Amino acid sequence: MSAALAELHAVAPDRARISTEVALLGVGTVGTALLARLTRLQPGLSLVSVANSRRCLRSSIGLAAASAREQLASGAPQRLPQVADTFARAGIVVDATASSEVAEWHARWLEQGLTVVSANKAGIGGSLANYRAIAKNSPRYGDAATVGAGLPLLRSLRDLRAGGDRIRGIAGVLSGSLAWLFNRYDGMRPFSELVREARALGYTEPDPRLDLSGQDVKRKLLILARNAGFALEENAVEVESFLPDRLRDADPGQVDDALSALDAPLRERFQAAYKLGRRLRFIARLDGEGRARIGLEALEPDDPLASGAGCDNRVALWSCRYPQQPLLIQGPGAGAEVTAAALLDDVLRLAAIA
């Protein structure tokens with residue numbers, strides 16, 4: 001395995017190639033929260049470009065973060081290749097989208113000498129080839145927001161391995177939205193009602209199947225596994241989805257009605273776990289041989305992953321240093337505010353002005 005793949009980040013950024021000019025791609029909930037954070041904190045960055053999937057706005061003298069989202073409506077219509085070319089004139093590109101198409105540009109931007117900061121898991125959590133291409137320029141890539149919304153998960157893995165430790169296993173609740181759902185589910189209130197509530201609170205995507213399918217968790221587990229030293233391909237993760245066929249196959253406009261298909265099977269699984277005194281949690285696991293799987297599990301109450309509250313992510317790391325009692329990392333794993341904070345932390349670190 002190459003040094004770049006084994007160690008995704010160097011200790012210090014390559015300062016000679018870092019600029020404080022920032023371009024933001026994506027003005028959804030996370031992008032909007034980042035703009036609000038820039039407005040509130042005034043961290044000394046120059047926002048020179050803002051874009052979404054349809055339009056791009058640029059100013060060489062800088063845009064006002066407070067009004068950039070509204071101003072984008074009058075921006076020039078552009079497709080992604082044009083936006084990517086525009087962003088090449090900035091120093092730091094921030095990807096606040098969930099687009100696989102955008103993620104394909106990460107390695108190219110890095111090769112052009114740019115710094116990339118991403119909340120988009122499709123970059124390092126997509127194909128292994130793309131991960132390796134990004135890893136070649138890892139000192140200029142910020143990814144703290146991709147897993148755990150900025151929790152020190154990736155940093156802990158890298159620090160352990162840099163100190164000569166070997167990762168022997170990872171297990172965790174990696175989805176803030178699924179954590180919230182199963183922390184609140186009592187087997188009585190229909191699960192579909194909880195999903196609708198989570199969507200209204202912004203804990204799930206507008207189409208909650210993106211969260212319920214486990215694909216988001218799969219990408220997070222791939223990111224953790226690769227940083228733990230396991231070069232896993234995308235198809236290496238065994239995924240147990242609890243999406244019923246009716247919901248999985250529903251047209252976008254029929255998803256809300258199809259959510260009720262979740263109620264009976266999840267009530268049955270809850271009752272089976274309850275009779276054994278266990279708790280349902282959606283768990284991602286990686287063992288010491290690199291075998292990876294995700295799915296719904298019934299955990300003993302004293303299991304380190306069974307507790308937690310709200311949208312908390314909870315991750316256990318076993319290593320040569322922690323062979324019996326795992327290192328536990330817990331904290332909020334969902335929400336636009338914490339994700340935006342993680343993005344800005346990476347931008348400031350890589351811009352070397354923190």
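With which residue does Asp249 form a salt bridge, and how far apart are the closest N and O atoms? The legends below take up this question and others on a predicted model, in which local features need pLDDT of at least 70 and side-chain atom pairs count only at pLDDT 80 or more, while totals for chains, interfaces and linings use all residues. Residues are numbered from 1 along each chain as its sequence is written, and side-chain values use heavy atoms, with hydrogens and water left out.

**View 1. The salt bridge of Asp249 and Arg248.** Asp249 pairs with Arg248, and the closest N and O atoms of the two are 3.0 Å apart; a salt bridge here is a side-chain nitrogen of Lys or Arg within 4 Å of a carboxyl oxygen of Asp or Glu. Arg248 counts as partly exposed at 46% relative accessibility, where buried means under 20% relative accessible area, exposed over 50% and partly exposed in between, computed with a 1.4 Å probe on protein chains only.

**View 2. The salt bridge of Glu300 and Arg278.** The closest N and O atoms of Glu300 and Arg278 are 3.1 Å apart. Glu300 lies in the loop between β11 (292–299) and β12 (312–319), and Arg278 in the loop between α15 (263–275) and β10 (279–287), so the pair ties together parts that are 22 residues apart in sequence; helices (H or I, at least four residues) and strands (E, at least two) are DSSP runs numbered from the N terminus. Glu300 is partly exposed, at 35% relative accessible area, and Arg278 is partly exposed, at 33%.

**View 3. The salt bridge of Arg291 and Asp287.** In this pair the closest N and O atoms are 2.7 Å apart. Arg291 is exposed, with a relative accessible area of 56%, whereas Asp287 is partly exposed, with 24%.

**View 4. A network of salt bridges.** Arg184, Arg189, Glu193 and Glu197 are linked in a network of salt bridges, and the structure as a whole holds 18 salt bridges.

**View 5. The largest nonpolar core.** Among the 75 residues of this core, Trp109, Phe191 and Leu212 touch the most other members; such a core is a set of buried Ala, Val, Leu, Ile, Met, Phe, Trp, Tyr and Cys residues joined through side-chain atoms within 4.5 Å. Helix α12 (residues 215–227) gives the most to the core, with 6 residues. Leaving aside neighbours within four places in sequence, Leu212 has contacts (heavy atoms within 4.5 Å) that include Leu178, Phe191, Phe242 and Leu262.
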